[in-house]
Amino acid sequence: MVVKAECISNFITTSHHKINLDSKKLLNTILHSKVINSQLEVEFILSGMGADSCQSPPKPLEAINRKDNKNRNNHEDKEVPSPIVPMILQYTQLEESNFKTHFFITRSSFQITCGHLMQEYGSMAYKRTEFDVEKQLLITLTYLGTVLSYKEIGSKFNIAISTAHKCVSDVSNTLFKRMGEIIYWPINQQAESEIEEFNEMPGNRFPGILGVIGMVDLKKTCTANPSKHTKDGSSIAIQCVCNNRYQFYNVFTSYLLKSSVTSSTFLESPLAEMILNDPDRLFPNIESHIVGQCCFPLLPNLMTPFSDDTYNTVSQNTYNEAIEVPLNIIKLAFGKLLGRFSRLLCLDLWGQDKFAILIFAASCLHNICLSNDDDIYCPPYECCTFKCDYYDEYSVEKRQDICSKISS
């Protein structure tokens, strides 16, 4: 089926996913980003007022350092003891290898992430100490890197279940708000540099690559047993674009109720809207593009392989072999993300905004780690490979030209 780019563009224009084209960076959003942002504002305001819950949750960690102002003898004040203090200090003083074994990132990546959190917390009415942030981040990393329940995490850190839940929620929401500083699309000189790195990548013969796009379909799991999928067949799609260092440029999530990933999942994303309607803001020239599997449409700035029923020449087979080299990068990137943060493989969250924020938070941590040379070996994770029939005539001509250059 031949679908003109104009037709796809008209379809995208009617979508509810609008982005700010005046922004210098491509916004990474989800289906209900406006709702999420408004909810976050309310939650942060309430936390600043000390009204997080009606059930009198544990005091902020500033209470750990609270002084005894009622000392009648005016002796030196003493800190109020807390069972979690020596535990957190013990974890933060672990040897480097043991620290990464327990919390899945290096201590230096941990401190960089704490810095991001402190910058965001510093602008809020409710001030957190450095110790507050370290405790919350350790609990969040334990949650993301394992499949332990909140009850088990609470027992491990000797805290209430509600406190563990609040720590994960606060850190995830804060990383979500900082995402624009951690995950962004390369432009201008940075885009040229990324293309050059792909050109110099060992074994790569495919020209003009700015990034690699891929999508995975994660089946939603049951709350009671994370190893079992829900009966309704719901799933969560994660779409990412990465560079040759496995860092993400763009992350998009979508909740699929009683269905699986289809070609329309990509067309609903803000990235697709910009590729179709304003590609000059994403790509330095017409010769540059991202590459993806056959599940993505063939567009002027998105090159895909020849499908099994369309290639029948030696040059087309050579083209497919060449594009497979960069396509392996996104598989490894997903492998590193899902291998480091295994919680994403068994999401038991029922709220669409909650699982999306958790995925975005894990993606931010993924980028922070890789930018700090904090790599992890994990097997590649297979992406969606179904066939998409969307393409236009110019895209076909461009792919054929690349095919000829590679084969010559």
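This is a predicted model: local features need pLDDT of at least 70, side-chain atom pairs count only at pLDDT 80 or more; totals for chains, interfaces and linings use all residues.
**Figure 1. Gln293, a residue in the loop between β4 and β5.** Is Gln293 buried or exposed? With a relative accessible area of 10%, Gln293 falls under the 20% cut-off, so Gln293 counts as buried. What does Gln293 touch, once neighbours within four places in sequence are left aside? The list is Ile213, Thr304, Pro305, Glu324, Leu327, Lys331, Cys384 and Thr385.

**Figure 2. The open sheet, built from five strands.** Reading across the sheet, the strands come in the order β3-β2-β1-β4-β5, and the pairing is mixed. Which strands sit at the edges? They are β3 (248-256) and β5 (302-303), and each of them pairs on one side only. Look at β5 together with strand β4 (residues 289-291): these two pair in the parallel sense, over two bridges.

**Figure 3. Tyr319, a residue of helix α13.** Leaving aside neighbours within four places in sequence, Tyr319 is in contact with Phe206, Met303, Thr304, Pro305, Phe306, Arg399, Ile402, Cys403 and Ile406. Take Thr304 from that list: Tyr319 and Thr304 are 15 residues apart in sequence, and their C-alpha atoms are 9.9 Å apart in space.

**Figure 4. Helix α13 crossing helix α15 (residues 393-407).** Two packed helices are described by the angle between their axes and the distance between the axes. Here the axes come within 9 Å and cross at roughly 90°, which makes α13 roughly perpendicular to α15. On the α13 side, the contact is made by Ser315, Gln316, Thr318, Tyr319 and Ala322. Helix α15 brings Arg399, Gln400, Ile402, Cys403, Ile406 and Ser407. What classes of residue meet here? This contact has five nonpolar, five polar and one charged residues.

**Figure 5. Helix α7 (residues 150-157) packed with helix α8 (residues 161-177).** The angle between these two helices is about 100°, and their axes are 8 Å apart. That angle makes α7 and α8 roughly perpendicular to each other. In the contact, Tyr150, Lys151 and Ile153 of α7 meet Ile161, Ala164, His165 and Val168 of α8. Sorted by class, that gives five nonpolar, one polar and one charged residues.

**Figure 6. Helix α12 (residues 270-277), a mostly covered helix.** How many residues of α12 are buried? Seven of the eight are. Pick them out one by one: Pro270, Leu271, Ala272, Glu273, Met274, Ile275 and Leu276.

**Figure 7. The protein chain, with 15 helices and five strands.** Time to zoom out from the close-ups. Of the 408 residues in the chain, 51% count as buried. The chain exposes about 19,300 Å², and carbon and sulfur atoms supply 53% of that area. Among contacts with a separation of 6 or more, 71% come from residues 24 or more positions apart.

Note on methods:
Residues are numbered from 1 along each chain as its sequence is written. Side-chain values use heavy atoms; hydrogens and water are left out. Axes are lines fitted to C-alpha atoms, for helices over the stretch in contact, and angles run from 0 to 180 degrees between N-to-C directions. Helices (H or I, at least four residues) and strands (E, at least two) are DSSP runs, numbered from the N terminus. Angles under 35 degrees count as roughly parallel, over 145 as roughly antiparallel, 65 to 115 as roughly perpendicular and the rest as oblique. Contact means heavy atoms within 4.5 Å. Ala, Val, Leu, Ile, Met, Phe, Trp, Tyr, Cys and Pro count as nonpolar, Asp, Glu, Lys and Arg as charged, and the others, Gly among them, as polar. Buried means under 20% relative accessible area, exposed over 50%, partly exposed in between (1.4 Å probe, protein chains only). Accessible areas come from the Shrake-Rupley method with a 1.4 Å probe; for residues, only the protein chains shown count as cover. Two strands pair if DSSP finds at least two bridges between them.
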